[in-house]
Structures are given as structure tokens and as C-alpha cells.
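Please open the structure in a viewer and keep the selection panel at hand. The stops below are meant to be followed in order.

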Amino acid sequence: MNDDRIHQNRVGALGLALLATFLLGASGCSTVIPRAGSPEEVGMSSTKLAQIEAVTGDHMKAGLVPGAVMLVARKGKIAWYKTLGHRDRDAADEMKPDSIFRIYSMTKPLVSIATMMLVEEGRLQLSDPVAKFLPEMQGMKIGIEKPGPDPALDLIAPQREMTVHDLLRHTSGLIYGGRGVSAVNATYQKARIGNRDVNNRDFVSQVARLPLRFSPGTRWEYGISTDVLGRVLEVIEGKPLSQVLDERLIRPLGMVDTGFFVPADKLHRAAQPWPRPGVAPTPRFDVAQKPAFESGGGGLVSTMDDYLRFATMLLNGGEFAGKRYVNKSTIDLMASDQTGGVPGLAPGLGFGLGFDIRIPPSPPAVLGEYGWAGNAGTRFWIDPKNELIAIYMVQVGDGDRVMLRNQFQNMVREAIIK
């Protein structure tokens, strides 16, 4: 064969390879883990998964969902990966596999893993008082609402100090102001806790002046605990939270599109919410603005492929692509119920260290699942028993997010071939 023919064959082969890569990318195929030949190869039903696609399409027609990226992986392979609808409906731009989403509280598991890395290194302990690292939080009091027409508070000392363990499992007494109508909730709202213009240090100073909702360790209530934990990481490491996460998890895992804002050269990939007709839009943060507040509880943006890298590391017991991030025993601890049966959680739901956990009396089919969700409708979970990862990426309003992600989760469970 002459040199020209060899050159032509090489060019042709390269062209076919590039075409195959383009087609795989266009279909929404991740390069993080291999793709199964069919869902049935890894024990998933093609018919049931197609029903999820059809239901999601119906939601788009109804205006509930502008667009979605959805993935189910099992036994180390991608069973199903779908990219539907619009990234930006106002701009008539289609959703793409590399679209960047506000993941809000799906930030919490990353901060929790980074914390446990420090625990393994002996640089903090779960039993450490938070005030050891954040002395301004020493002596915080519980707010007890006085009876009467005006929402006044009595302040009393808690039964014990708040610990790192409390921050990880949301038993700290710290809350979200908007998730209740008590006088304590009102103080959080008045202080504008979580304002993106206030840096992490000043955020903690604000929090330290507020009352606790309850004595640490006595009940579970979702709140700003992981935001405070992010500041603990900053103090221990002597670096901004963004740098801590970047050095420990984001860069080593290859999460190239994950951060606290979207750079200008990637803004064309940012997924945008779209209000359904007749419903006021839910305010969402501007991804183009670099915030002063790097919220460990809800500030990150990410993509499907990036979060799949993180989730795969979790399912693999703390290891990804030959690198170990935490020990398997640490993942097992984090994915086990740490609440001790305190009130505040629904039956069948526990909380570990950064994740919700399915516990009895949940149906046997879902026991052991762990994961978390984001305020704009995103959701991920891991089912160790079935070697399954599922991720749902959308940007929807508050009125629809819980129904949508619960429906997705239930339909994925039903798609597992028994």
C-alpha cells in the first residue's frame, strides 16, 4: 500500500472516530463510566425507563419543566442517559449533556466529604465543639417564644455545646429562616442570612448573634449547618472554601465545570429556569456573579458528568479512577443513620453525615438508599444494594420540584428488574 493510501485510511479512520465521538456526545453519553449495550444488560427495564422519558416530555408540554438531563447507572455502567427540552427556553436553546445547573443543596455532600477527609487526617473530630474553630459561636442561646401578641423571645442556655457532628447531621439548632413561622425563623429572615454579598467569615458572625431553634442534639431540622461547616473548613485549612473543595475534590475528580459561579466563557451552557404560565417564578441566584458568600450548603453549580464522578466515588466506597479520597468505612458511616431517633424526620427517613438515608419502616426495596436534593429540583441518590446511581438535573420552581424529583425517583426504582 502506498503512502497516500495509508494517509487516506488514517484520515478516514480519524474522521469516523470523531464522528462517533460527536454522535455519542450528542446522544448524551457520559465519558465517566462505560455505557451498557442496553438497560437490560445491567438489570434495568427499557420499557420502564422510556416511561420516564415520556412523562418528562409531558411535563415539558405542560410548562412544569423547561429541560432535563437524567441518568441511571448500574453495576458500573450507564443504563440510561437522556437530555430533553431546553437549556434556556426564552432563548430557544436546546438542553445539552454539558449544561451547567444550580445544584443548591447537592453542594452539602461535597462539603461533608471534605470534612470527613479532615477527620481521617486527625485535623478535627466529630465530637469537637464548633466553637473550637469558630469562637464567635461560643455561648449561643436557644430562643424560646413568649406567649402574647408580639413575637418576643426568651434566651436560655442549651443543654450542651454544638459539635461538628451536629453540623453534619443537622441537629445543631441552626435552621433556615424561610422553613417556618416561629419567632426564631423571623430573626433569621430579618438578618438576611445567606445573602450572597456577605463573605463566609461575616456570615458566621451574623449567625452567632442569632438564637438557636433548639438545644443541639435534641432534634433534627434542616438548616444552615453545612454553611457553618464550610467556614470550619476554611479556618482549619486557612483557605477559602472554593479552594478547599477544588484541591480536595473538584480538581482531582475531574469536575471541570463545578464551582460557585459560571465563568463568562461557559455562560452559554448555563441551564435557566422558566416560569410556567400563571405561576410566579421562584428567584434563583445569578450564576454569572462570583459571590462573596461561598455557600457550603447550597452555592455550587455543576453538570451531570461532574456529579456522576462524585457519585461514582461514593458508590465505589471512596475511590475513583485509582485514587482514594476517603476510606470505605467512612462512607459506610456517612451513609448510616446518625440521628439517634430524635424527632424531626418523617417515618422511614434518617440522616447520615451529609445525606438522607432510607431506614425502616421504608419498603425493603429502598432500604439503604442515600443521597440529597437541590432547591431547583435536582436530585441524586445511591442504592448500594442494587449498585445504582441516579441523577436528575432540572431547574424548576418551588411549587413543582418535590413532586418532580419524587416521581423520578419512584419511576427509577420501578425500572429495576426484580
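Which residues does Phe 380 touch, not counting residues up to four places away in sequence? Select Phe 380 together with Met 106, Pro 109, Tyr 307, Ala 311, Leu 314, Phe 355, Gly 371, Trp 372, Ala 390 and Ile 391, which are the residues it touches; contact means heavy atoms within 4.5 Å.

The model is predicted, so local features need pLDDT of at least 70 and side-chain atom pairs count only at pLDDT 80 or more, while totals for chains, interfaces and linings use all residues. Residues are numbered from 1 along each chain as its sequence is written, and side-chain values use heavy atoms, with hydrogens and water left out.

**The nonpolar cores**

Next, select Ile 113, Met 137, Leu 174, Leu 314 and Phe 380, the residues with the most contacts inside the largest nonpolar core, which has 86 residues. Apart from this core lies another, of 26 residues, including Ala 36, Met 70, Ala 79 and Phe 408. A nonpolar core is a set of buried Ala, Val, Leu, Ile, Met, Phe, Trp, Tyr and Cys residues joined through side-chain atoms within 4.5 Å. Buried means under 20% relative accessible area, exposed over 50%, and partly exposed in between, using a 1.4 Å probe and protein chains only.

Select residues 304-315, which form helix 9. Helices (H or I, at least four residues) and strands (E, at least two) are DSSP runs, numbered from the N terminus. Helix 9 is largely enclosed by the rest of the structure, because 10 of its 12 residues are buried. Among the buried ones are Asp 306, Arg 309 and Thr 312. Just after the helix, Gly 317 takes a positive phi of about 75°.

To see where the helices meet, display Pro 109, Leu 110 and Ile 113 of helix 3 against Tyr 307, Phe 310, Met 313 and Leu 314 of helix 9.

Move to Ile 382 in strand 13 (residues 379-383). Ile 382 counts as buried because its relative accessibility is 0%. Ile 382 touches Ala 311, Leu 314 and Gly 368, among others; its C-alpha atom is separated by 8.5 Å from that of Gly 368, 14 residues apart along the chain. Continue to Glu 387, in the loop between strand 13 and strand 14 (388-393). Its phi is near 50°, a positive value in a residue other than glycine, and Glu 387 is partly exposed at 40% relative accessible area.

**Two further loops**

Select Lys 75, in the loop between strand 1 (67-74) and strand 2 (77-88), where phi is near 55°. Finish at Pro 360 and Pro 361, joined by a cis peptide bond with omega about 10°; Pro 361 is found in the loop between strand 11 (356-358) and strand 12 (370-373).

Conventions:
Expected span 1.5 Å × (residues − 1).
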